Amino acid sequence: MHSNKELTTLGLHLPTDPRWVDLTQYSLEEILSDHAYCEQKAASTCISLIQMWPDKTRLVDEVAPVVTEEWGHFRLVISELNKRGLKLGFQRKDEYVNSILQFTKKGGSKEDRLLDQLLLCALIEARSCERFKLLSENLPEENLREFYRHFMISEAGHYRMFIELAEHYFDQKKVRTRWQEFLDFEADIVKDLKPRGDRMH
Amino acid sequence: MKINLFPALILLFCLFEPCLELSANSPSALIQKPELQTIIHQKVENQRSLIVSRHDVIDGLQKKLKESKLDSKSEKVILNQIKANQKIVKSFEDKMQCYLLAQTLTNQIQYLPNYKESKETKRILSLILKIDRNKIHYKEAKKDYSSLFNQGMLVNYIPEYDCKLEVTQDGKVKANQFAQLFSFTPAELEKHFVEQEFLETYCRFLKSGKKYFLELKFEFGTPKAIQLYGIIEETSPLKLTFIDEDYIYLQNAVTAPPEQQIKTGKTVYKMQCNISRSDFKKLSKKDVDKLTVLWPTGSETYEMMKLHVFQNLSKCIQIKN
């Protein structure tokens, strides 16, 4: 018998509140808008990583195609909004990401900051993947379920890439210890955040 | 009534001429093929010079054996060196045969229908990669790849497949024998997996009444796969992407943890997915290009080596008796 922890998507320490997926059905325009900005922010973050670490060849090689992919996702969400006659709203404060950002190291060496940046990206991808999985399994509309399955698989691939990059540039033990710290911190944040149907996180 | 078709043929030719031009100027026609041919040519030549230099070594050793007066111990040492070098030459010759096969296959690409061209180029590249890494022998390469020579394949490539079915005692459940889908070793693990692959994947269809299921078996050549990949969740999806970029999603319906084989040191995962009629139809008609698995540690996309496996298996499972 396996514990729930083992079976939580991508090793996250706390599964999403099951009420969240029900709430999303009532605010499709908002959730799609929020999703679009998540993809845009993911693409921007990848560009920033490349700008900050041009000397890390593997990072540049692996992150560059993700920029294209995330931007492609942004466009997919926009076309889904258009298809439904819905509009892209304005970007709103991302409480979830802002809270996790507090956990990342501000001082210390530049290298340590890279480790935290990679793990932060991995964590956001993992949580997004988990949320997409919930949407792909529970939304009433088949087209939307299919739509989110596509994103789920893609985010899981990015999660893996960021963890592998971290393990490439840093000691594996150090990465795993820090990763567990991130997961614990994130679980606390998710526990305290009120589930909102208009937010991806 | 007789109809003169000649003007119509001229018209048709004029209509299609731009397409012909386009196809001749496509990137694959102008860049990839000559490049691939050059690469293989260089590989064949390198291999040839390796063989020649190894023959020189053997000649030198044989000369030494004839001309010098050696004691029996030294003679034995040289004889062993000759044997070892002859063995190396054999493996070099086998490798060169493989490269020559790849060269011939490359030359055949131009006779393939356009939609097969890039796929076959991919297959040849994968063959070259295997040859480079000493992971294929000529016999095997010829068996797996030379079907391209068959005239039939140039139009419709579905190699022969030995259809064998297993049936439960009550006759209610039929299953194919497992067929290999692909093998995969990450570049960074290659030095640890010389004799075997890191991951070997097999698949088969099961049929119960009118329902079809797809069973996949992932065999990792390591007992540590659980630490690396975790345990597949019951609802975990599989994405099968076809050659025309259409795709289907299947969902795992099995919760069983992976089996750790103590004797072989392997870890075996199994996934079983229910397949709808429409998905089964697609699998039995179209070439599958990629398989994406959502492992608990992230998703991985694998390139198919044998694009026709699902077609062969589906034909086989539909046989009535």
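Two strands are taken to pair if DSSP finds at least two bridges between them. In this predicted model, strand β10 (residues 288-295) and strand β11 (residues 298-303) of chain B meet that criterion, pairing over six bridges in the antiparallel sense.

**Strand pair in chain B**
- The link from β10(B) to β11(B) is a hairpin of two residues.
- Within the pairing, B:L291 has B:Y302 in β11(B) as its bridge partner.

**Helix packing in chain B**
- Helix α8 (residues 277-285) of chain B packs against helix α9 (residues 309-317) of chain B at an angle of about 115°.
- The axes of α8(B) and α9(B) are 6 Å apart.
- From α8(B), the residues B:F280, B:L283 and B:S284 meet B:F310, B:Q311, B:S314 and B:K315 of α9(B).
- Classed by residue type, this contact of α8(B) with α9(B) comprises three nonpolar, three polar and one charged residues.

**Contact between chains A and B**
- Chain A supplies 13 residues to the contact, and chain B supplies 13 residues.
- On the side of chain A that touches chain B, the elements giving two or more residues are α1 (4-7) and α7 (142-169) of chain A.
- Helix α7(A) provides the largest share of that side, with seven residues.
- The side of chain A that touches chain B contains five nonpolar, three polar and five charged residues.

Key
Residues numbered from 1 in each chain as written. Chains lettered and ligands numbered in written order. Predicted model: local features only at pLDDT ≥ 70, side-chain atom pairs only at ≥ 80, totals over all residues. Contact = placed C-beta atoms within 7 Å. Helix = DSSP H or I, 4+ residues; strand = E, 2+ residues; numbered from the N terminus. Nonpolar A, V, L, I, M, F, W, Y, C, P; charged D, E, K, R; others polar. Axes fitted to C-alpha atoms, helices over the stretch in contact; angles between N-to-C directions.
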